[in-house]
Each structure stands twice: as structure tokens, then as C-alpha cells.
Amino acid sequence: MGKKPAASSAGSAALLPEHLRSGVFTSLSDITRKVIGDDEDLADELDDWTTSALQMAQRLKKKDEATRTRAISELRAHVESRKDPPPSIQFMKSFESIFRRTMINDPAAAVRRDALVIVSKLVQLHKKAVAKILKGLVPTWLAARGDQSVEVSTVAKSSFKEAFPSPSARSKALTFVQAESNKFLEDEMKANEDRRTARALAVANAYLDDRHSIEGLEESMPSVIRKAARSKKNDGLRRTAYQVARRWVEEGGPSGKIFLLAKESILDPLARSDSWELLLSVIKTDPRIVKEEHQQILPGVQSALKRTATSDDAEDVSAICLSMLPVLNILIESSPESGVAAMCILETLLDSSEKINTKSPRAGLLFETNCECCTLAVMQSQKGRLRDVDPTEHVLKSISSYLSLESGHTNMQSAGKAASMLYSAVASRDQVS
């Protein structure tokens with residue numbers, strides 16, 4: 001085997017990337033300057049702290065996860081050890097693109113977590129000096145609240161609060177980057193991926209969390225919510241969409257933009273209480289919708305009630321039953337013409353309570369729900385709020401149904417109690433009459 005030729009400076013230079021071959025490097029900062037590009041802030045030689053930080057950050061581009069994890073850990077310690085603002089904001093500028101790429105593409109949760117801590121610390125160190133850089137950082141920072149890792153999601157929230165300690169500071173920061181946030185939402189919406197939709201939804205939710213305002217997001221936020229709610233595979237994403245939609249309404253968002261979603265959401269058996277809380281928020285805040293559209297709400301309510309007779313999902317059945325009384329009350333209170341719809345709900349409720357297996361632990365809850373709704377109907381009828389209908393016949397039918405249950409059934413006691421409650425409701429009505 002022949003002897004290898006001695007290395008030469010010319011040969012070493014030839015191995016460098018093309019954009020690094022020109023120029024004479026006399027110091028480590030010269031190399032760093034060439035890597036990050038020319039900038040007026042680099043007119044003077046970079047300080048040692050910035051140079052070290054830039055070198056550590058470059059290692060985050062490595063393919064090896066262990067290398068990236070060590071690099072981010074060292075960089076975090078390097079940044080956290082700083083007690084006063086760095087002499088230059090150059091590292092912050094350079095880290096902006098690395099941060100965005102890390103939060104979107106790095107599969108290691110530890111790397112994403114530490115990147116958030118680093119950004120938060122840098123903002124705390126530089127304060128207002130990094131205002132312009134914030135516009136490229138904050139949307140990605142907020143999006144991390146929707147990270148699949150619970151730890152990363154938690155750190156995304158806490159690190160933002162540490163960087164902007166007061167509610168006023170957080171609100172101002174979000175207002176400052178509003179245009180960039182809207183652009184971020186638009187870009188994420190273009191991708192047909194649940195992961196990116198979750199990121200967009202997290203940004204929308206952050207504005208409700210920390211700014212308590214929908215100003216400037218009236219168009220983009222409902223679109224994000226609706227897309228997240230259409231996810232077929234991600235139950236958690238749909239539930240989060242219903243939660244954000246409810247908050248949107250409660251913060252003053254136009255109910256009309258969410259109404260279609262609200263009435264469809266109760267058909268989702270995996271939404272549990274989130275869909276019902278959304279529907280209730282919509283009809284509470286906008287009685288006009290109930291008055292004009294109560295017939296559109298009815299099919300979904302009836303479908304959900306029918307589900308209670310056969311569903312094995314105790315949480316779903318509980319959410320439906322607990323929501324039925326307030327839904328019925330709002331329906332009657334908001335529209336005098338809703339009497340027929342109200343009776344349809346009562347009839348469907350009785351039908352389900354008759355069909356459910358009386359040995360089911362959920363039967364008692366269904367009996368009780370029917371009693372409460374019947375009693376409400378009787379009371380509202382006494383006040384003249386149910387036009388052209390009289391719930392008395394339905395109540396008597398319910399009493400007869402419950403009394404006919406065989407004494408050997410587990411829920412005979414519940415049925416007897418229900419019959420007694422209904423009898424009291426009718427007796428009360430007769431006394432008033």
C-alpha cells in the first residue's frame with residue numbers, strides 16, 4: 001500500500017464547501033462570520049459568548065439525534081448561564097430559523113422542549129431589542145402548545161409566560177405579531193395534515209388564552225376550528241376544536257359562523273361533553289338562532305337521545321342526559337313557537353328510556369332526565385310558554401311506562417321514583433289550574 005501524500009492547505013481548502021473557499025480565516029470568529037453571512041452587526045469581531053452559541057446551534061442541523069440532543073442541552077446551559085444581555089443580537093437572529101425548523105421537524109421532544117426554553121431566555125435577556133425578531137418566532141412558539149408531547153406543550157405555555165410575565169405584556173406581544181399569526185394560520189391550513197391543523201388551532205387558542213380577544217382573527221379562526229373539527233382520525237383534535245369554538249363564542253365571536261359546527265358536533269359520540277357545551281354556548285349567547293333555527297337543532301338532539309338507549313359509553317350518555325334539561329329550557333324560553341320541537345324531544349327521551357336495558361346502570365339516569373324535562377315542560381306550560389301543546393298526556397304516559405316495569409329489575413326503584421316525581425308534577429299542575 002502506497003504512502004498517503006501529506007495534507008496541504010490548498011488541499012484542505014478544496015474540501016471546504018464552495019461558499020467557504022474564498023477568503024482568509026485568521027480566527028474562529030472569521031469562520032463564524034462566513035457561516036452566518038455578512039451583517040452590519042458583525043462589523044466588529046463577535047464576542048466569545050456569541051461565537052460559542054453559534055457553533056452549538058450549528059450542531060442542531062446534524063442528522064444524529066444524540067448529537068442534536070447534546071448540542072441543545074449545552075446551548076440551553078450556555079444561554080441560561082447568561083445574566084446580562086449579550087453584546088450582540090446576532091445569535092438571536094441566527095437562531096430564529098433554527099428554532100422554526102426544530103419545532104416543526106425535529107422528532108426529539110427533548111430538543112423541541114429545550115429550544116423553547118432557549119427562546120424564552122433570549123427574549124428575557126434582550127427585551128425590546130428583539131421586537132422585530134419576535135414576529136418570526138411567536139407564531140411557531142404559540143403553535144408548540146399543540147405539540148404531541150405533553151411536556152413540550154406545557155413548556156410552550158410556561159416559557160411564553162416567563163418571557164412575558166404580565167397579562168398585559170402577553171396581550172401586547174400577540175397584538176404585535178397578529179399579521180404574522182394570521183399568515184401562519186393560512187399556511188398551516190393549506191396542508192391537509194392533522195399535525196399542522198393542531199398547530200394552527202393551538203395558535204388560535206393562545207389568542208383566546210392570553211389576549212382574550214378575537215380582533216383581527218374573525219376570518220381565520222373559524223376556518224381553523226372547522227377544519228380541526230373535520231378530522232376523521234384524531235378524536236382529541238376534534239374535541240379541542242369544539243373547546244376552542246366554545247371559547248370563540250364566549251369571547252364575542254359571531255355565533256353564526258360556528259352554528260353549523262355546533263349542531264353537527266352533538267352527533268359525534270366521542271366528543272363527550274365538549275360538543276354539548278359548545279351547543280349550549282351558542283344558543284345561550286344568541287337566542288335569535290334558537291328562535292329562527294330551532295328546527296335545525298332538533299334532528300341532532302333526537303339522534304343523540306336515541307343513542308342513549310344502546311350506547312355502552314357511560315361518558316357519552318351522561319353528557320347527553322346532563323345537557324338535555326338546559327337545552328330544552330333554552331329552547332322553550334327563546335321561542336314560543338318551539339312547543340312542537342320540545343314535545344318531540346320529550347317523546348324521544350321517553351322512547352329511549354323504554355328501550356334501554358333496565359338492568360343497565362345508565363337506565364336510572366335516563367329515567368331521571370325524562371322526569372326533569374317533563375317537570376320543566378309542565379312548569380313552562382303553566383307560564384304559557386308552550387303554545388299549542390300540553391305536556392300532561394306525555395307525563396301520564398311516562399308514569400304508566402315506568403310503573404309497568406317488572407319489580408325484579410335492578411332499576412325498579414329508580415323507575416318508581418321517576419313515576420312519583422312525574423305524578424307530583426301533574427298534581428302541581430292540577431292544583432294551579
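The structure is a predicted model, in which local features require pLDDT of at least 70 and side-chain atom pairs pLDDT 80 or more, whereas totals for chains, interfaces and linings use all residues. Residues are numbered from 1 along each chain as its sequence is written, and side-chain values use heavy atoms, with hydrogens and water left out.

The protein comprises 21 helices and zero strands (DSSP runs numbered from the N terminus, helices being H or I with at least four residues and strands E with at least two). Of its 433 residues, 50% are buried (buried, under 20% relative accessible area; exposed, over 50%; partly exposed, in between; 1.4 Å probe, protein chains only). Among contacts with a sequence separation of 6 or more, 67% join residues 24 or more positions apart (contact, heavy atoms within 4.5 Å).

Helix H11 spans residues 194-210 and helix H13 residues 235-250; the two pack at an angle of about 25°, and their axes are 10 Å apart (axes are lines fitted to C-alpha atoms, for helices over the stretch in contact, with angles from 0 to 180 degrees between N-to-C directions). On the H11 side, the contact is formed by Asp194, Thr197, Ala198, Leu201, Asn205, Leu208 and Asp209, which meet Leu237, Thr240, Ala241, Val244, Arg247 and Trp248 of H13. By class, seven residues of this contact are nonpolar, three polar and three charged (nonpolar: Ala, Val, Leu, Ile, Met, Phe, Trp, Tyr, Cys and Pro; charged: Asp, Glu, Lys and Arg; polar: the others, Gly among them).

Leucine 201 belongs to helix H11 and is buried, at 2% relative accessibility. Beyond residues up to four places away in sequence, leucine 201 touches Leu237, Thr240, Ala241 and Val244, together with Val224, Ile225 and Ala228. Leucine 201 and proline 222 lie 21 residues apart in sequence, with a C-alpha to C-alpha distance of 9.8 Å.

Helix H13 also packs with H15, at an angle of about 20° and with the axes 9 Å apart. H13 is therefore roughly parallel to H15. The contact of H13 with H15 holds five nonpolar, four polar and five charged residues.

The largest nonpolar core contains 116 residues, and those with the most contacts inside it are Leu75, Phe91, Phe95, Trp141, Ile225 and Trp276 (a nonpolar core is a set of buried Ala, Val, Leu, Ile, Met, Phe, Trp, Tyr and Cys residues joined through side-chain atoms within 4.5 Å). Helix H17 (residues 314-334) supplies the largest share of this core, 10 residues. Leaving aside neighbours within four places in sequence, tryptophan 141 contacts Phe99, Leu116, Val119, Ser120, Val123, Ala156, Ser159, Phe160, Ala163 and Phe164.

Several loop positions were also examined. Leucine 60, in the loop between helices H3 (48-58) and H4 (65-80), is buried with a relative accessible area of 6%. Not counting residues up to four places away in sequence, leucine 60 touches Arg68, Ala71, Ile72, Leu75, Phe95 and Ile98. The C-alpha atoms of leucine 60 and valine 111 are 8.8 Å apart across a sequence separation of 51 residues. Proline 361, by contrast, is exposed at 74% relative accessible area; this residue is located in the loop between helices H18 (339-355) and H19 (363-382). Proline 361 and alanine 314, 47 residues apart in sequence, are separated by 8.8 Å, C-alpha to C-alpha.

Lysine 127 lies between helices H6 (109-126) and H7 (131-143) and is exposed, with a relative accessible area of 60%. Arginine 272 lies in the loop between helices H14 (256-265) and H15 (273-285) and is buried, at 16%.

Conventions
Parallel < 35°, antiparallel > 145°, perpendicular 65-115°, else oblique.
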